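Here is a short briefing on a two-chain model. Please look over the sequence and the structure first, then read the points below.

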Amino acid sequence: MGYSKELLEQLNYGEGETLYGDTPLAILKAFLQSGVSYLGGYPGSPTAGLIDVISDAYEPVLKKKGIYFDCSGNEASAAALLSASISYPMRGCVNWKIVGTNVASDALSHISSSGVTGGALIIVGEDYGCDSTCVAERALPFALKSTMAVIDPRGDLEHVAKMVEAGFELSEYSNMPVMYLLSTRVAHIMNKMTCRDNKEPKISMINRLDDLITDLEKIPLPPFTFDHEKKKYHERIPAAKRFILERKLNEFFEGAESSMGIITHGMIYNSLMRCLYNLGEASLYGECRVPILNLNVTNPLVPEEIILFLRDKKAVLIVEEGMPNLMEEQIRAIAQRAKLGLDIFGKDILPQAGEYTPDHIAKGVGQFLLKNTLSDYEKERIKERSEFTEKHKERAANFLKQPVTKRNPVFCTGCPERPIFTAIKILEEDYGRSYYASDIGCYSMSGLPPFDLSNSITGMGIGLASAGALSRMANKRVISFMGDGTFWHSGLTSSVANAVYNNQNAILIILENFWTSMTGHHENPASGKNMRQEGVGMDIEKALRGAGVRWIKTVDPYDLRESMEVLGEAYEEDEGLRVIISRGECQLEKTRREKIVLKKNIKDGRRIVQKKLGVDPDVCTGDHSCMRFNGCPSLTLKDSPTILRDDPVAHIEHSCVGCGLCGEIAHAAVLCPSFYRVEIIDNPSLFDRIGAKINRSLLHMVSRNGWSG
Amino acid sequence: MMQNKSDLIKIFIPAVGGQGGGVLTEWLVQAFFLEEYDVQGISLPGLSQRGGSTVYYLEAHPKSASGNRQIIFAQFPVPGEVDVIISQEFLELGRALQLGYGSDKTTIVTSTHRVFSTLEKMPVGSGIYADENLRKIASSFSSRFIEIDALKLSRENGMDELAVNAILLGAVSASGVLPLRRESFVESVEKVGVSVKASIRAFEVGYEHVSSRKSPDQKKSALVWDSFIRERADKLEDYAREEYLGRVSRIEAEFPSNLREILAESVFRLLEYQDTGYADEYMEEVRAVYEIDERSKSGGSRLTEHYAKNLALLMSYEDGIRVAELKIKSDRFKRIKEEMRLRDDQVFKVIDYLKPDAEELYGLLPYFLVAPMVRFTETGLFKKIWPRKKPLTFGQTPTTTSFSGYTMFWLLTRMKFMRRHSFRYRKEHALIKKYKESVKYYVSLDYRVGCLVAKSASMVKGYGKVRRRTMNAFARFIDNVIFPLAEFEKSKRKNYDITLEIGEEALKLISGETVDGIDKAEKMAREILEQRAA
């Protein structure tokens, strides 16, 4: 979709003006207000929007200010970009999704060892609810082991932007890189915020550096590594703590019930407040009977601040989302060291797993409130309120005897990746099942109905490598899928080079669709241009040859027969690495681009031929075999035209883009004669029209039934 | 205790990824801004956008009520606390309600059209989730339930599928569930700037529909008998029309109203398929079974209903002749033009995907010619000469709208006179005979088992290998599931409850999404018998 000119123009707003937009736009505005010099990142949910807005704003805004935008090859490259801030006072920010932190972690360890001079911010898409392809894990442990500060903002657009600015300052003040957690819901807020003036970057593509510093002490090699270690714990962390206290980055909210307290963090504050509001303990404006300490910085914790909050309290609840609950353990240790002797509750009464939504924590929070002295009347009320949601959910969940059918995501209409899975599915009838090592991308959905072609997903770029042992130890063919984005992310080295080096007996199918589609159509090295819209050509086949792959074939995915033949050859070969490149542009992107041209051409009177597929409802008997090989959104069901048949028949909706796969399937899997293709000619030529006329009169002769085509 | 009656409005929007829920959310956000509200909209992207279930969430609070204090918005809806659900698709409404987002304080505005999920499409039988369940949960978990078929409305007004969004927005505005003026909605659509003109038109369609209080769409209005007959009679040639109408008046005289349409449709189908004699044979059979229904104490005609439907379908099995006839029927091209939304200034071609296998082709030939050949192919000698495992198939893609393509189909239809002597006819009618006999036998044991058997033949469908597989599954279902169970209960003088229960269960397995349903069904029957025998 992209950001419109009007939205992007708001990036130039000054002090006091009101910006309307979503979280990525607000964050980019905060970058500009912080005088950032460079940006980078690798797209993934929920931070993909950030890459979108940066790349859309590059030409009209960023480039003019001399801000560099690195279309990072993967998260490790993005993290390495922050090296620029080690010795020079320039601010930079990179971003990626939570699991990207694993890829980036080598670079992060080194940079955080050296320490930074300019503010270095890492925006990590914290996705503990697992709304995208990721595992349930937190960024906090990474920060703890590499000594980085962590900012976790409340769910409020203006606050999100404010904390970005604070993050750069904290980083500069403490010489630590700062992780900034952007959770899924917070990453997708639409709201307004009040702006401040933008700052020009000190160092930029316009104001370049003249001298470069050679400072061995900044390089993590012995003996300096040990100095880094000392600095981390004796200088940087104490500095960060001072900064957090001085700038009051964490928020304290007073409450009448001074013997109790709740400590929470980031967006969980919003969930907690809604939970307390529903329990009748808080107002919508954040006034609450129980005092609350909300940590916007979750590492390092400031013992003085914690002790101040805990002192004189009898019971405190720590509402911390996710495991390991490092904050809770630290707070317990702080309390113990200070010999405070109060009751601390946390994961013992709150759920250990799962996203902390207001209803998920209601029971635990209610239990905590009940533990303290309250009147019987109040007790009864809290108990009833805190259990209400649970009971309501249970009643709703059990209301329908037959639960509502699941709806899994599917490959889009006309997707070039689907036909390969169809081919493999049809071939299973002859060759049996193989071991399918999947990877991260749209094609991860091959594991879902109707294909069910996935035995493993191990991480990005390592699907093929994950089958290394099995390709020698199982009597099954190994087939791995990989997209072009994933190939250039790390697949070439981690999977392909590894397979050639080990002479792995496997088939690798590279789905080259020229876009990183799953994250919302980002350019990748296969696109022919980068995200700054500069032309770059990178050739997968040449890279494969260079890596020593001998067996390489390229197929057109829409030619099902060809794909099946080539797959069959690869199946029969049974030796070494066979790579099949299935080349077809992402249909969404292609249609989006071509629709405009097509409309114009038709309007201009050019002869245009378009294709659409259809099903004859009276020929279809409704056995739905076609559905089990396909899963196209536009191939669906409708009532049979005859009242004799109770089951629905197949039907193709107008959204069909005419890729022809369903017809090909009817052929390749020998299904039925129900499918047909219509070729529609707009602005037909004289030849077309005369031909059609002659044809019509001939047909009329044969049929004698007033043929009206 | 703090007061928690407030002016906070919580709106939950379930949708199917790709329906444009983000735009709908933005319209609402802007409309609230225009009326001086604090608002927070949340959209959820990710993998869920690829046609999966997805949700959007909105909270709004009037500035006038907050006295300049900042609202702490929540990013998650809370089950039982949602004020308004605006659902872009009917099944997704059901999912939202099943998760508890509806309650007695919720107003629901939903489109009732369905986007079928993959799991609903895959089963051999019907896997479509029942609308009545969705209506039931919607009326139990709401204070007000407003339903419109926004997709139908969009089609009736010549708009595309994405108009569903704006139609719903119009419905929301007209229903008054949100404290916003109509002008604010319109202005917000203009402000957001996504296909403004079309969206405002769609908004108005939705608005008019709800404000003029058109009643919700009735389920398929009962077909009017007369036009039902006329529609069919008109499609027949003159002499056949007379014959047809004569038979229809006999049906009217002899059968109750609930069977009339089924029988009239069947007779029409068989007349078109073969000839009057063939249709009469069918009627004879149905009459015999209807007598059983009349004699039975149940008083209904359930047995005849299943039997009449399935016998007609079995007798009009889809062979090459039938397919050719359907492919060149003149109303086919009319239908295609309508479905593809073709204009008269466009020229179009229709290309068919055909791939008959060998049996479908030689099956058309006379039995006495083919049978010896087929017997030969089953010998060891033949398998030595022709070691091919896969059946021989003949793929072609004729242009049916061209003279040559059309003529090919037309010539095929001329083979009708040979049909009753063909190899395929014998094979199909062997199965039909088995069906007839089984129904009569099992109904003599128990009426309900008879009905089950009568119903079960609907599993026979498809072409080529699929048809052979389903024919085989039907025979195995009768022989290996129903027969042993019924015999067992007969010998124990039981009341056939096990046969019924396991038989129904087996039918579910067979019409499931995998092709080995019959294997599972047989195994289940075997296990039950062993268990009972022990």
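Predicted model: local features only at pLDDT ≥ 70, side-chain atom pairs only at ≥ 80, totals over all residues.

**Briefing**

Residues are numbered from 1 along each chain as its sequence is written, while chains are lettered from A and ligands numbered from 1 in the order in which they are written.

**Chain A overall**

- Chain A holds 24 helices and 24 strands. Helices (H or I, at least four residues) and strands (E, at least two) are DSSP runs, numbered from the N terminus.
- Chain A has a radius of gyration of 30 Å, close to the 27 Å that the globule rule gives for 709 residues, so it is as compact as a globular protein of that length. The radius is taken over C-alpha atoms, and the rule is 2.2 Å times the number of residues to the power 0.38.
- Along the principal axes, the C-alpha atoms of chain A fill a box of roughly 100 × 70 × 60 Å.
- Of the 709 residues in chain A, 53% are buried. Buried means that 20 or more other C-beta atoms, placed from the backbone, lie within 10 Å of the residue's own.
- In chain A, 78% of the contacts between residues at least 6 apart in sequence join residues at least 24 apart. A contact needs C-beta atoms, placed from the backbone, within 7 Å.

**A parallel sheet in chain A**

- Six strands of chain A form an open sheet in the order β16-β15-β17-β18-β20-β19, with parallel pairing. Strands pair if DSSP finds at least two bridges between them.
- The edge strands are β16 (456-457) and β19 (551-555) of chain A, and each pairs on one side only.
- Strand β15 (residues 435-438) of chain A runs parallel to β16(A), joined by two bridges. There, Ser438(A) stands opposite Ile457(A).
- Helix α20 (residues 560-573) of chain A lies across β18 (506-512), β19 and β20 (577-583) of chain A, at about 170° to β20(A). Axes are lines fitted to C-alpha atoms, for helices over the stretch in contact, and angles run from 0 to 180 degrees between N-to-C directions.

**Chain B overall**

- Chain B is assigned domain 1 (9-211), domain 2 (222-316) and domain 3 (451-534).
- The C-alpha centres of domain 1 and domain 3 of chain B are separated by 45 Å.
- Chain B has 25 helices and seven strands.
- Its C-alpha atoms fill a box of roughly 95 × 70 × 60 Å along the principal axes.
- Buried residues account for 48% of the 534 residues in chain B.

**Where the chains meet**

- Chain A gives 104 residues to the contact and chain B gives 111 residues.
- The side of chain A that touches chain B has 47 nonpolar, 36 polar and 21 charged residues. Ala, Val, Leu, Ile, Met, Phe, Trp, Tyr, Cys and Pro count as nonpolar, Asp, Glu, Lys and Arg as charged, and the others, Gly among them, as polar.
- Strand β24 (residues 675-682) of chain A pairs with strand β7 (residues 347-352) of chain B in the antiparallel sense, over six bridges.
- Val678(A) has Val350(B) as its bridge partner, and Tyr676(A) stands opposite Asp352(B).
- Six of the six residues of β7(B) are buried. Val347(B), Lys349(B) and Ile351(B) point one way from β7(B), and Phe348(B), Val350(B) and Asp352(B) point the other way.

Notes:
Buried ≥ 20, exposed ≤ 12 C-beta atoms within 10 Å, placed from the backbone. Contact = placed C-beta atoms within 7 Å. Domains from an automatic or database assignment.
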